[in-house]
Amino acid sequence: MAQVRNVLVNLKAKLRGQGNPSVNKIRRQRALRNGLWKGLPFIRLLLFTVGYLWLLVIPSSRLGQGTYIDENALQPGQVNTNWNWGEVHHADRILEELEQLRDRNASSDEVAQYAVSEFEKYGIPARTQRYSYDTVGGTINGTNAYAVLQSPRASGTEAIVISASWLSRTGEGDGTLNLRGVSTLLALASFLKNYSLWAKDLVFVMSDGYLDGMQAWITTYHGEAQPNLKAEPLSLQSGVVWTALNIDYPGHSFSHLGLFFEGLNGRLPNQDLMNSVSLIARYTVGVPVLVYDHIDPRENRNQPSLHPSWLPEPIKQNAELQEYASRARNVYRHMNYQARGTASGVHGLFHRFRIDAITLFAVPATGPHGFHALGRILESSLRTCNNLLERLHASFFFYLFVGPGTFMKIGSYLPSAILVGTAMLFTGLGEWVGAGWTLVPSESQSQSGAKGEKAAASGTVGKWRRRARPVLEPIVIMVLTHLLGALLFFLVKGSWFAENRKIAGPALFLLFSGVPVVIAQAVPNASAGHAPIPSVLKAFNLCFASALVSITSVLNFSLAAALAVSMGLPLSFSSPSSSAASLSTRIAKYAAYSVLALGWLVLCPEETRKAVWNWEVLRVWFAPFVCIVYVPLVLQAGLVCLLPS
């Protein structure tokens, strides 16, 4: 022990050094700062590399864990189901009547009235709700039907919603009818009315359209106003909705049950709800469960391969790579929904009211499952939700489902975006520090002839001096670009853009790419003794973008990852042009950033239309976020390259 103590004492004395302890402390701090400054490029490179590689390994089988039930009150799969072939026959009869309505092209009012008459035939109070949206694409009209089965064992302060939309989510609402989903809903209402075990009200909703009908119903149910929505008030009310199950059954029969769970603006339901339905489907009913409708090619050889055709066969057959490809497909689709803020089904409209909801999608196939299997899954799932004494809270709200029965906790994927955001922050801070100093040639260097050459050869490079950093001009530029983004959003959601999409997109691209160039001409050159405005602008731009990525990563990881990929390196590589750089070089650099910022106006007209529709009808933030936040940040990086230093 004495020897160890002596070693520690000697090490401590070496670190402290000889002489005044305060002076030694200052020297150590200076040495640390100098070391960090010299190593800053390496630190940034390391953070970027690790962050982007982490994004790539998220689908790896080395990460993730099996799903499990956190909430003990749920007790999934612990009841005997009573749904039998008599209910299947009833569902078939309803399906025949719905097909007759479809064949004679019945109106929304007729379909809703048919559903109401069926509910009332079962002894369940039911009503219709007409609604209309005023959008730039025209008026959207529809009629919902809903019924409330009051709980025989409680006061009706809590409720469960069972819903089915008239249009299936197949093709993201491409017009495929959800006839069997509606048949299941009506037959289920008739079946559940016969049992007195319900501790919560059961609310049945047949919504018109795909997403618009449920948006009108759920918004009216919670008493929220939407400026462009006119909807009839609901004459039947129930309690606070805790959970909701949406039925989507577009085919004749199905082979797998797909779970869709993404909500508006990146919200997710509590994982216990999905885990319960998955457990019931697999072990109580014997239906295999999928994430979305992705059937694994290893399970069904008729499915297309997930690997590129040019890969050698031994690589395609590698089990690790096959698992990676399967998981990567699920992760990509999840990020595609969540980053754009779109709901993957009707269930996604419930999440903003703190209602845990998912869509049960019967993957179309020639068999072997049908009404019988789906009815048993729904009955057992509703019995499970009926057991709840409080809202679901014990399990995860932030996760990635990488495969059936496998998920990733937030701590397993969040650092990837955070590392990229930190690298951007270090780059911005480095630019800020660098802008505050300038290298002034020493007297020996300013001398001409052999004396100056000798001084340069001896290593006397000059002296660092502080200089003022202009703050007002960069802030004004940033504010103006964000106001320009707000103007862009106003124009994109206008009727002129919707009616003249082919010419409006290129016209807005040229206009909003050119306006910042005009702004740049009005920016004064930095006076002597002041840092160049582009350097300070880059520092502010990167620090703001870094904060945006880091904060968004907690709220919507997929959006943060998309921002990290699209802005991380481009914003970091933007650099002020030297005074010797030609105007054509600066404009070429700026043009590249203009394409990155505004290229979607020309290259993605359909995605732009959907984003605007989602904002108008569903209040999805993606369109205003892109116009008011993303576009200005990238244009600011372009101005860094355009403005002379």
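Q: Which elements each supply at least two residues of the lining of the largest cavity?
A: In this predicted model, the elements are helix H7 (271-285), strand E9 (289-291) and strand E11 (399-403). H7 has the largest share, with 4 residues.

Q: What makes a residue part of that lining?
A: A lining residue has an atom within 4 Å of a cavity point. For the largest cavity, 14 residues line the space, and Leu-259, Ser-278, Val-289, Phe-401 and Gly-405 lie nearest its centre.

Q: What makes this space a cavity and not a pocket?
A: A cavity is a place where a 1.4 Å probe fits but cannot get out, whereas a pocket is open. The largest cavity has a volume of about 80 Å³. Counting cavities of 30 Å³ or more gives 3.

Q: How do the residues of the lining of the largest cavity divide into nonpolar, polar and charged?
A: There are 8 nonpolar residues, 5 polar and 1 charged. Take two of the residues nearest the centre, Leu-259 and Gly-405: Leu counts as nonpolar and Gly as polar, so these two fall into separate groups.

Q: What can be said of the second largest cavity?
A: The second largest cavity holds about 70 Å³ of space. Its lining has 13 residues, with Gln-338, Phe-398, Tyr-399, Tyr-413 and Phe-557 nearest the centre. Helix H9 (319-340), H11 and helix H17 (533-555) each give at least two residues, and H17 gives the most, with 3. By type, the lining has 9 nonpolar residues, 4 polar and no charged.

Q: Why is H11 called roughly parallel to H18?
A: Helix H11 (residues 410-435) and helix H18 (residues 557-573) pack at an angle of about 30°, their axes 9 Å apart. Angles under 35 degrees count as roughly parallel, so H11 is roughly parallel to H18. Their crossing is left-handed.

Q: How do you know which residues of H11 and H18 make the contact?
A: Contact means heavy atoms within 4.5 Å. On H11 the contact is made by Tyr-413, Leu-414, Ser-416, Ala-417, Val-420, Met-424 and Thr-427. From H18 come Phe-557, Ala-560, Ala-564, Met-567, Gly-568, Leu-571 and Ser-572.

Q: How many residues of this contact are nonpolar, polar and charged?
A: The contact of H11 with H18 has 10 nonpolar residues, 4 polar and no charged.

Terms used: Residues numbered from 1 in each chain as written. Predicted model: local features only at pLDDT ≥ 70, side-chain atom pairs only at ≥ 80, totals over all residues. Heavy atoms only, no water. Axes fitted to C-alpha atoms, helices over the stretch in contact; angles between N-to-C directions. Parallel < 35°, antiparallel > 145°, perpendicular 65-115°, else oblique. Left-handed = near helix turned anticlockwise from the far one by under 90°. 1 Å grid on protein atoms, 1.4 Å probe; cavity = no way out; pocket = protein on both sides within 12 Å on 5 of 7 lines; lining within 4 Å. Points joined across faces, edges and corners; volume = space filled by probe spheres on them.
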